[in-house]
Amino acid sequence: MVNTLDSSFVENGPWKPDIFKDKVVFVTGGSGTICRVQTEAMVLLGAHAAIVGRNEAKTIAAAKEMSQLSCSASILPLTKVDVRNFDQLQRAVEKTVEQFGKIDYVIAGAAGNFIADFSHLSPNAFKSVIDIDLLGSFNTVKACFPELVKTKGSVVFVSATLHYSGVPFQSHVGAAKAGVDALSNALAVELGPLGIRCNCIAPGPIEGTEGIKRLLPAGLESRAIEQIPLQRLGTTRDIADSTVYLFSPASSFVNGTVTAVDGGAWHIGSTF
Ligand code: HXC
């Protein structure tokens, strides 16, 4: 399967095993594609994970599958949590702390997107995406903040490269993700003195994701790849590696960055 990791991530990868032993990561969107693999990487390297999702069956199934990855790490599924609802997130944080005692890392990744041209984009459709992607990211960090203060923790927001240029039919997503970058930058400055680091990962075209399926019609893949400076699509593992770096001590002086993981595509105006 393209979008899942196994023990070879540790055995053949650049990361020290157990680098996140006894750490706890809280993830929104953790049963999706990109955030799930980010979580798998953290679990394979020793972290316990709480994964938050709206869909009960999908979240529980993802937690069960991820728990096979490690004998020492535990996965806590927290279901029926909508990131638009701050109270639900606060309860999810409480349950995480009851189970694991703390939160060290947060991945704010829940997103809801679709392709729609402006004339067919209702105010409520625009608001729905802003609320899931941007307000949801705010709510996630807000709910985790008391725990992050205690652990001097670290946040990785999942953004996009869509807003680096004008991508048609994505005005709602571009606006939301530009807001996520701005939120991350501001919090990096505001929370830095508390020892909390905030950074963004902006995935480009990542194979096997919902985004690429929707944005890249079948048959156009090879033409798209030709435009990417590194001449390939990204993988979820590429995003997982960047996530591990941003949570690891190797990035302890890295704060307020947006890391585009897109093979350099945005530099030539090719954004997804
Ligand atoms: C136009 C649409 C639409 C579409 C929904 N709406 N889909 N408008 N084109 N394809 C409108 C609805 O008509 C409604 O407006 C409003 O959006 C809210 O829709 P609901 O279904 O009531 O909202 P909700 O159940 O909260 O669903 C949120 C959602 C949905 C964002 C609309 O798609 C969702 O939950 N998605 C989560 C999964 C997902 O999208 N994952 C992809 C991540 S990929 P009205 O006016 O009728 O009330 C990714 C990478 C980038 O993030 C991908 C780029 C495409």
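## Contacts with the ligand

In this predicted model, the side chain of Asn124 places an N or O atom 2.8 Å from an oxygen atom of the ligand. This is a polar contact, that is, a pair of N or O atoms within 3.5 Å; within protein, one atom must be able to donate a hydrogen and the other to accept it, and residues adjacent in sequence count only if both atoms are side-chain atoms. The ligand has 1100 Å² of accessible area on its own, and the protein covers 58% of that area.

Residues are numbered from 1 along each chain as its sequence is written, and side-chain values use heavy atoms, with hydrogens and water left out. Because the model is predicted, local features need pLDDT of at least 70 and side-chain atom pairs count only at pLDDT 80 or more, whereas totals for chains, interfaces and linings use all residues.

## The shell around the ligand

There are 16 residues around the ligand, and those that come nearest are Arg54, Arg84, Asn113, Ser122 and Asn124. A residue belongs to this shell if one of its heavy atoms lies within 4 Å of the molecule. By residue type, the shell comprises six nonpolar, seven polar and three charged residues. In this division, Ala, Val, Leu, Ile, Met, Phe, Trp, Tyr, Cys and Pro count as nonpolar, Asp, Glu, Lys and Arg as charged, and the others, Gly among them, as polar.

Helix α5 gives the most to the shell around the ligand, with four residues. Helices (H or I, at least four residues) and strands (E, at least two) are DSSP runs, numbered from the N terminus.

## The largest pocket

The largest pocket holds about 1100 Å³ of space. The elements that each give two or more residues to its lining are α2 (34-44), α5 (123-151), α6 (171-191) and α7 (210-215). The most is given by α7, with five residues. A pocket is an open set of points on a 1 Å grid over the protein atoms alone, where a 1.4 Å probe fits, with protein on both sides within 12 Å along at least five of seven lines; lining residues have an atom within 4 Å of a point. Grid points are joined across faces, edges and corners, and the volume is the space filled by probe spheres set on the points.

In total, 43 residues line the largest pocket, and Gly109, Ala111, Gly112, Asn113 and Glu210 lie nearest its centre. The lining divides into 20 nonpolar, 16 polar and seven charged residues.

## Residues in helices

Thr140 is part of helix α5 and counts as buried, at 0% relative accessibility. Buried means under 20% relative accessible area, exposed over 50%, and partly exposed in between, with a 1.4 Å probe and protein chains only. The side chain of Thr140 reaches the backbone oxygen of Gly136 at 2.6 Å.

Leu246, in helix α9 (residues 236-247), is also buried, at 1% relative accessibility. Its C-alpha atom lies 8.4 Å from that of Ser154, although Leu246 and Ser154 are 92 residues apart in sequence. Val97, found in helix α4 (residues 86-100), is partly exposed, with a relative accessible area of 22%. Val97 and Val24 are 73 residues apart in sequence, and their C-alpha atoms are 9.3 Å apart.

## Residues in loops

Asp22 lies in the loop between α1 (8-11) and β1 (24-28), and Gln231 in the loop between α8 (221-227) and α9. Each is a residue other than glycine with a positive phi: near 70 degrees for Asp22 and near 60 degrees for Gln231. Asp22 is partly exposed at 49% relative accessibility, as is Gln231 at 47%.

Ser165, in the loop between β5 (154-158) and α6, is partly exposed at 31%. Ile206, in the loop between β6 (197-203) and α7, is buried at 2% relative accessibility.

Methods. Areas by Shrake-Rupley, 256 points an atom, 1.4 Å probe, with all protein chains shown as cover.
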